[in-house]
Amino acid sequence: MKTLSALTLLAMLIFANAQEHPRLPVNDKKVPAGTPDMREIETALKAALPATRKATVCLELGQGSGSGVIISAEGLILTAAHVTGGVGKEITAILADGSKVKCESLGLNSETDCAMAKILDKGPFPFVEVDRDDLSKLGDWVFSLGHSGGYDKDRGAGVRIGRLVKIADSTVQSDCTLIGGDSGGPLFDLHGRLIGIHSRVGSNLQQNMHVPIREFVRSWDQMMKSEFMGEGPFAKKPVKGSGFLGVATEDAKDGKVRVTKVGRESAAEKAEMKIGDAIIRIDGKDITNKDAMQKILKDKAAEDKLSIVVLRDGKEIELKVVLTER
Amino acid sequence: MKAHSFFALFFTITTAVQAFDTLESEFRTNGNMMHAVVTRAQQSLQEFSAVIYEGRKEAGYGIVASEEGYILGKLSELKPLKEIKIRVGDQEFSPVALVAEDVRWDVALLKIDAKGLKPAVFAETSDIGQGSWVVANGATSRSERRPMVGILSANFREIRVEGGAVLGIELKEDKEKIIVGNLPEISGAFKAGIRQGDIIVSLGGKKMKNRAAIAEFMKDRRVGEKLEVSYIRDGKEQKAEVELAGRADTYGIEKSRNDTMSGDVSKRRSGFPRVLQHDVQGTSKTVGGPLVDLDGKCIGMNIARANRAESFAIPVEELREISQRLLEEARKK
């Protein structure tokens with residue numbers, strides 16, 4: 001009985017959602033019947049455009065840029081795994097009005113190209129509704145937004161129209177044309193509900209692939225916990241032991257691990273570690289000898305972040321270190 | 001646009017075997033079944049768009065500007081063509097004469113020997129809002145224009161020329177003199193009579209001290225602008241009027257990763273004072289014709305296929321002015 005009532009509740013919820021945004025009749029036609037049907041699509045799209053555009057962001061990290069979409073007032077962002085490229089990366093998001101906010105990537109699924117990021121600045125931010133109920137069907141009219149080729153304030157995010165032309169398990173295909181820079185950007189139904197995230201294209205203009213929202217729902221909790229999922233082609237997993245701090249140390253007579261050398265342009269130098277510093281804690285764990293330190297470091301990968309507390313002139317100083325490639 | 005590299009989308013399709021449902025191609029956004037949906041737009045394309053051929057090959061489109069046979073087209077695509085023929089409706093016309101041009105907007109006015117053509121019906125405004133349906137020429141048959149649909153995609157804006165406007169001269173500096181080095185024959189400077197070895201004195205009446213000063217001065221210049229260049233040859237100061245061209249037009253475009261996924265784009269796709277952006281999926285051979293709304297009114301002229309996701313049109317407000325100006329110029333001759 002319990003299961004049944006839960007199912008009923010779910011059905012009611014879907015029904016309520018569907019009632020709030022009744023399915024557009026034109027979506028159930030093989031092809032629009034004429035100008036009134038075309039106007040129905042246009043009117044819905046124009047109504048959905050301002051809010052969806054406000055929530056569409058350009059994501060810049062390193063030398064590249066992609067797109068993303070904000071889905072909560074606090075600033076949770078959905079994007080593509082091949083845009084964030086990893087967990088805990090620093091990203092700058094450019095909002096529609098050109099203002100920049102700091103973000104950090106959360107988890108990702110390297111097999112399906114799903115990824116999350118969160119804005120670190122304080123909200124509220126403009127956001128869109130996510131179609132968690134998976135209400136879209138083959139042939140539905142949809143629109144895509146994205147910062148094609150990078151952020152361009154004069155232009156804004158370009159909007160493109162199309163239909164869902166192919167639906168597979170982990171991919172949906174539309175004929176909304178995408179290009180570099182759109183990656184991670186949103187695909188919407190005509191009510192402005194998020195139904196997919198731009199992932200990749202084929203050489204044919206019809207081949208524009210999106211990650212369906214159901215794949216995000218499937219990986220949701222793990223992504224929120226900043227997990228790196230899968231071993232797919234969309235992001236490379238950090239290799240344990242590839243992280244490099246770049247110092248030489250000795251076990252000093254006072255029972256401390258003392259820094260004797262700091263490598264040029266090493267992670268330690270960038271964090272302003274000095275010769276003579278005594279390393280006393282890494283990520284909250286006490287360090288009493290070199291072996292204890294090595295044990296922690298050998299599980300770390302390039303770009304991992306560490307909190308290292310050193311003793312310098314009798315004072316404890318916390319250094320934020322980002323490991324480099326060995 | 002900024003010059004950093006972008007996350008390119010993956011260029012391959014997942015080959016994993018998956019069950020999937022597919023929408024038949026005729027029902028897709030630009031499938032055959034859509035032609036009957038936009039009948040008024042198609043009728044307009046049929047009446048006032050011109051198909052331009054080089055020999056038997058389709059080379060572009062045009063807009064009928066007057067009933068006595070004046071046709072607007074994309075200048076940079078048309079100029080190099082030999083043996084132009086034009087079809088309006090199912091009638092074919094030749095010879096075709098180029099009678100006036102606007103380099104800044106890249107618009108040509110052509111003349112054919114015709115009477116009683118239906119000129120384009122211009123809309124009041126092109127400001128019909130992003131997300132509005134628009135229709136343009138796709139493929140064509142002898143008698144029938146085939147419509148392709150899309151929507152207005154982005155803000156009206158200027159498209160600054162890729163790489164900036166250039167004189168088309170390689171400059172050398174020697175003992176505080178700026179000396180003209182290599183210059184391609186298609187460059188504005190060569191056409192104005194400047195040659196290798198000339199010494200540049202001033203641009204637009206301003207003395208130029210060195211190459212850096214010239215680079216700074218050129219930053220704010222526009223394609224199509226005419227610039228007075230003073231130079232010394234054989235000890236004598238001379239003047240030339242140089243028409244500026246885009247860097248890409250003079251030296252060619254370096255293909256970006258995004259270009260490699262865009263297919264056949266227009267050679268000249270930048271340096272327009274104001275454009276409407278839309279997502280009708282054309283090629284370099286589908287521009288030059290009208291962009292119409294669902295009522296079949298002309299809201300602009302397709303002037304460039306920029307990349308996979310972006311097409312540009314001259315808004316009807318400017319198009320009307322360009323058309324009138326070129327027609328007056330041609331009729332005076």
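User: What should I know before looking?
Analyst: This is a predicted model, where local features need pLDDT of at least 70 and side-chain atom pairs count only at pLDDT 80 or more, while totals for chains, interfaces and linings use all residues. Residues are numbered from 1 along each chain as its sequence is written, chains are lettered from A and ligands numbered from 1 in the order in which they are written, and side-chain values use heavy atoms, with hydrogens and water left out.

User: How many salt bridges are there over all chains?
Analyst: The search of the whole structure finds 35. A salt bridge here is a side-chain nitrogen of Lys or Arg within 4 Å of a carboxyl oxygen of Asp or Glu.

User: Why would those pair at all?
Analyst: Side chains of opposite charge can pair when their charged atoms come close.

User: Which residue does Asp140(A) meet in a salt bridge?
Analyst: Asp140(A) meets Arg23(A), at 2.8 Å from N to O. Asp140(A) lies in the loop between β6 (114–119) and β7 (141–146) of chain A and Arg23(A) in the loop between α1 (2–20) and α2 (35–55) of chain A, so the pair ties together parts that are 117 residues apart in sequence. Helices (H or I, at least four residues) and strands (E, at least two) are DSSP runs, numbered from the N terminus.

User: Is Asp140(A) buried or exposed?
Analyst: Asp140(A) is buried, at 3% relative accessibility. Arg23(A) is partly exposed, at 30%. Buried means under 20% relative accessible area, exposed over 50%, and partly exposed in between (1.4 Å probe, protein chains only).

User: What about Arg39(A), which residue does it form a salt bridge with?
Analyst: Arg39(A) pairs with Glu42(A), and their closest N and O atoms are 3.0 Å apart. The two are 3 residues apart in helix α2 of chain A, so about one helical turn separates them. Arg39(A) is partly exposed at 28%, and Glu42(A) is buried at 8%. Arg39(A) and Glu42(A) also belong to a network of salt bridges with Arg40(B) and Asp295(B).

User: Which residue of chain A does Arg157(B) bridge to?
Analyst: To Asp152(A), with the closest N and O atoms 4.0 Å apart. This pair crosses between chains, from strand β11 (residues 157–159) of chain B to the loop between β7 and β8 (158–168) of chain A. Arg157(B) is buried at 6%, and Asp152(A) is buried at 16%.

User: New topic. How many strands form the open sheet in chain B?
Analyst: 7 strands, in the order β6-β5-β2-β3-β4-β8-β7, with antiparallel pairing. β6 (91–93) and β7 (97–102) of chain B stand at the edges with a single partner strand each, so one side of each has no neighbour in the sheet. Two strands pair if DSSP finds at least two bridges between them.

User: How many bridges join β2 to β3 in chain B?
Analyst: 6 bridges join β2 (residues 49–54) and β3 (residues 57–64) of chain B, which run antiparallel. Tyr53(B) stands opposite Glu58(B) in β3(B).

User: Now β15 of chain B. How many of its residues are buried?
Analyst: 4 of the 5 residues of β15 (residues 199–203) of chain B are buried, so the strand is largely enclosed by the rest of the structure.

User: Which strands does β15(B) pair with?
Analyst: Among them is β14 (residues 177–180) of chain B, antiparallel over 2 bridges, with Ile179(B) opposite Ile199(B). β17 (residues 226–233) of chain B pairs with β15(B) over 4 bridges, also antiparallel, and there Ile199(B) stands opposite Ile232(B). β16 (residues 206–207) of chain B pairs with β15(B) over 2 antiparallel bridges. In the hairpin of β15(B) and β16(B), 2 residues lie between the strands and Gly204(B) takes a positive phi near 55°.

User: Last one: which domains does chain B have?
Analyst: The assignment gives domain 1 (25–158 + 258–332) and domain 2 (165–247); such bounds come from an automatic or database domain assignment. Their C-alpha centres lie 35 Å apart.

User: What area is buried between domain 1 and domain 2 of chain B?
Analyst: About 340 Å², of which carbon and sulfur atoms give 54%. Buried area is the accessible area (1.4 Å probe) that two parts lose on being put together, summed over both. In domain 1 of chain B, Val103(B), Arg104(B) and Glu158(B) lose the most area to domain 2 of chain B, together 79% of what that side buries.
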